[in-house]
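The following exercises concern one protein structure. Please keep the sequence and the model in view while working through each solution.

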Amino acid sequence: AMVSHEFYTPLGFIKGYATTLLREDTQWSDETWREFLTIIDEEADHLHALIDDLMDSYRLQSGTLQFQFETVILESLLQEVIAKAVIRYAALDIRLNLHVEAIVWGDPVRLAQVFNNLIGNVVKYAPQSPIVINVETVQSGYQISFQDQGPGISAEYLDQLFNRFFRVPEPSRQVHGTGLGLFICRQIVQAHRGEIWATSQLGEGTTIWITLPTLSEVHRDKEREDDKDLGH
């Protein structure tokens, strides 16, 4: 029911503004035409994103989503994601702190999807909050954190954040969403042999943490898996 509602919202905008423009009893100015068509275009993109999330959710859960793994330099990928985010969200204040040469074995498109989802969540749930992205070395890998200064999340909901269709109850705010974004993030991170979790303090903000293994650790894991298969 929730997903259906989310689909009907952009569809309603598209239908409403298209029908309005088609009215023969009114003459619209060029400025109004452009405004209405811009709304239709944006809502069509919104609807497309919802469909993509739903299909990705299904493919990830069924194990049918294909990954294209390659050597990925995290700094380059994050810089690209940030550059596009700043263009999309003009008022966004986002900072990257990276003091290590972090190279992982991953699918750059899917990792970018994770990073974009996390940035989009801050824009949606903590508007006007700056975002600080930190990348540091941890045992056998790298740790990436996305930190905001938003309203925070109650501790009782933290363990459910990455569940499919889960959304934090916010009776005082009307924020749209399907509850699939963080679920998709978790599935993609786990497919990269990593982990993802959240910490938060009410009134102080939320931090999403991601760990990804180094290239050498991935190769060692693969060798152990191959040895195990040969042993059978």
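**Exercise 1.** Determine whether Met55 is buried, partly exposed or exposed.

*Solution.* Step 1: Met55 has a relative accessibility of 36%. Step 2: buried means under 20% relative accessible area, exposed over 50%, and partly exposed in between (1.4 Å probe, protein chains only). Step 3: Met55 therefore counts as partly exposed. Step 4: Met55 is found in helix α2, residues 30-62; helices (H or I, at least four residues) and strands (E, at least two) are DSSP runs, numbered from the N terminus.

The model is predicted, so local features need pLDDT of at least 70 and side-chain atom pairs count only at pLDDT 80 or more, while totals for chains, interfaces and linings use all residues. Residues are numbered from 1 along each chain as its sequence is written, and side-chain values use heavy atoms, leaving out hydrogens and water.

**Exercise 2.** State where Ser200 lies and which polar contacts its side chain makes.

*Solution.* Step 1: Ser200 belongs to strand β6, residues 195-201. Step 2: with 15% relative accessibility, Ser200 counts as buried. Step 3: a polar contact is a pair of N or O atoms within 3.5 Å; within protein, one must be able to donate a hydrogen and the other to accept it, and residues adjacent in sequence count only if both atoms are side-chain atoms. Step 4: the Ser200 side chain reaches the backbone oxygen of Gly205 at 3.0 Å, and it makes a polar contact with the side chain of Thr206 at 2.9 Å. Step 5: apart from neighbours within four places in sequence, Ser200 is in contact (heavy atoms within 4.5 Å) with Gly152, Ile153, Leu158, Gly205 and Thr206.

**Exercise 3.** Classify the ring pairs Trp28 with Phe36 and Phe115 with Phe146.

*Solution.* Step 1: rings of Phe, Tyr and Trp (its six-membered ring) pair if their centres lie within 6.5 Å; planes under 30 degrees apart count as stacked, over 60 as edge-to-face and the rest as tilted. Step 2: the structure holds 7 aromatic pairs. Step 3: the rings of Trp28 and Phe36 have centres 5.7 Å apart and planes at 55°, so this pair is tilted. Step 4: Trp28 is partly exposed at 25% relative accessibility, whereas Phe36 is buried at 13%. Step 5: the rings of Phe115 and Phe146 have centres 5.7 Å apart and planes at 25°, so this pair is stacked. Step 6: Phe115 lies in helix α4 (residues 108-125) and Phe146 in strand β5 (residues 141-147), so the pair ties together parts 31 residues apart in sequence. Step 7: both Phe115 and Phe146 are buried.
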